[in-house]
Amino acid sequence: MHSQGNTKMFRSYQSILPSTNKLLQMKWDQTYYKEHRRLVKEAQPMVDTKAPATYMHLHLKLKKLQLEEERLATIERDNRILLEKMSYIMRTRGRVDNRNNYEYKSLNREKRQRELLRVTKENQAILKRIMMRKPEYSAHKWQREWEENQTFMDNISHFPKDWWIEEKQNTTMSRTSLNRSKTFANGDRQRTMSVENSPYGKQLPGFSRGGTLYDSGLTRSQKSGSSKKSKSEKSQTKEKAESNEEGEETA
């Protein structure tokens with residue numbers, strides 16, 4: 001039956017090349033195809049993609065292993081000898097005295113002491129020069145000049161020095177005291193100006209009419225003369241105090 005099937009199949013076979021016998025042409029084509037597939041299967045690659053060959057003498061270094069074993073053997077032998085010595089020392093009193101009575105002595109001690117003494121002397125000399133040096137500026141002179149400047153400012157100022165402080169101190173006294181008033185025949189009323197309303201910290205007389213306070217009638221020259229007298233008295237007292245302080249300093 002197989003032969004009958006092949007005989008029937010060659011009739012429908014379409015050859016690429018023209019042939020007179022389809023059966024023979026089919027067999028030849030099949031033979032060529034099988035040969036082709038065998039060659040493809042057995043074809044060798046042009047590029048070698050396999051892993052490189054491994055050599056044992058490159059991966060397993062016997063010389064290095066031998067040296068390592070010899071080193072370990074030497075260490076083991078030394079440890080065994082040391083252990084035997086230690087056991088002998090523990091069993092007996094030993095042959096060497098391990099006491100050490102040496103005292104540490106510095107070879108540079110005296111030089112360092114001399115250097116320390118030299119630096120200390122230099123520091124003391126510098127401190128003595130600093131303490132003996134007189135100042136270039138005198139604080140007492142500055143204080144005296146400042147007081148003189150304050151005196152000049154008081155002489156040319158309109159209000160005396162620290163008049164607002166005296167005013168605050170006298171406010172308690174002025175609140176307790178009542179303002180005295182006197183009524184004249186023409187309806188004017190005289191009263192004493194309180195410390196709160198006085199710029200000089202003193203009670204000054206004045207006239208009030210309809211709630212308005214008037215001056216006591218002193219001229220401006222009289223007021224300036226009285227203020228200059230008081231300032232001159234203050235400056236004299238300050239000069240006396242300064243002279244007394246200078247005498248104490250000289251003494």
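The secondary structure of the protein chain comprises 8 helices and 4 strands. Helices (H or I, at least four residues) and strands (E, at least two) are DSSP runs, numbered from the N terminus. From that terminus on, the elements run α-α-α-α-α-α-α-β-β-β-β-α. The model is predicted: local features need pLDDT of at least 70, side-chain atom pairs count only at pLDDT 80 or more, and totals for chains, interfaces and linings use all residues. Residues are numbered from 1 along each chain as its sequence is written, and side-chain values use heavy atoms, with hydrogens and water left out.

Of the 251 residues of the protein chain, 8% count as buried. Buried means under 20% relative accessible area, exposed over 50%, and partly exposed in between (1.4 Å probe, protein chains only). The accessible surface of the chain comes to about 24,300 Å². Carbon and sulfur atoms account for 56% of that surface. Accessible areas come from the Shrake-Rupley method with a 1.4 Å probe; for residues, only the protein chains shown count as cover. Among contacts between residues at least 6 apart in sequence, 25% join residues at least 24 apart.

Helix α2 covers residues 22–41. Its 20 residues reach 28 Å from the first C-alpha to the last, close to the 28 Å expected at 1.5 Å a residue. The expected span of a helix is 1.5 Å times one less than its number of residues. At the start of α2, a side-chain oxygen of Asn-21 comes to within 3.1 Å of the backbone nitrogen of Leu-23. Such a polar contact is a pair of N or O atoms within 3.5 Å; within protein, one must be able to donate a hydrogen and the other to accept it, and residues adjacent in sequence count only if both atoms are side-chain atoms.

Gln-25 belongs to α2. Its relative accessible area is 12%, so Gln-25 is buried. Neighbours within four places in sequence aside, Gln-25 is in contact with Tyr-13, Ser-15 and Ser-19.

The structure holds 7 salt bridges. A salt bridge is a side-chain nitrogen of Lys or Arg within 4 Å of a carboxyl oxygen of Asp or Glu. One of them joins the side chains of Arg-38 and Glu-35 (2.2 Å, N to O). These two residues are 3 residues apart in helix α2, so about one helical turn separates them. Arg-38 is partly exposed, at 36% relative accessibility. Glu-35 is partly exposed as well, at 37%. Arg-38 also meets Glu-42 in a salt bridge (3.2 Å, N to O).

A further salt bridge links the side chains of Glu-115 and Arg-118 (2.3 Å, N to O). Both residues lie in helix α5 (residues 109–132), 3 residues apart, about one turn of the helix. Glu-115 has a relative accessible area of 39% and is partly exposed. Arg-118, at 39% relative accessibility, is partly exposed too. Elsewhere, salt bridges that share partners join Glu-35, Arg-38 and Glu-42 into one network.

Helix α5 has 24 residues and reaches 35 Å from its first C-alpha to its last. This is close to the 34 Å expected at 1.5 Å a residue. The helix is hardly covered: the count of buried residues among its 24 residues is 0.

Helix α6 takes in residues 139–156. At 1.5 Å a residue its 18 residues should span 26 Å, and the end C-alpha atoms are 26 Å apart, which agrees. The buried residues of α6 are Gln-150, Thr-151 and Asp-154. They cover an arc of only 100° around the axis, so they sit on the same side of α6. The arc is that of the directions from the helix axis to the C-beta atoms. The face turned away from this buried side carries the exposed residues Trp-142 and Ile-156.

At the start of α6, a side-chain oxygen of Ser-138 reaches to within 3.3 Å of the backbone nitrogen of Lys-141. Gln-150 and Lys-161 are 11 residues apart in sequence. In space, Gln-150 and Lys-161 are 8.9 Å apart, C-alpha to C-alpha.

Note on methods: Contact = heavy atoms within 4.5 Å.
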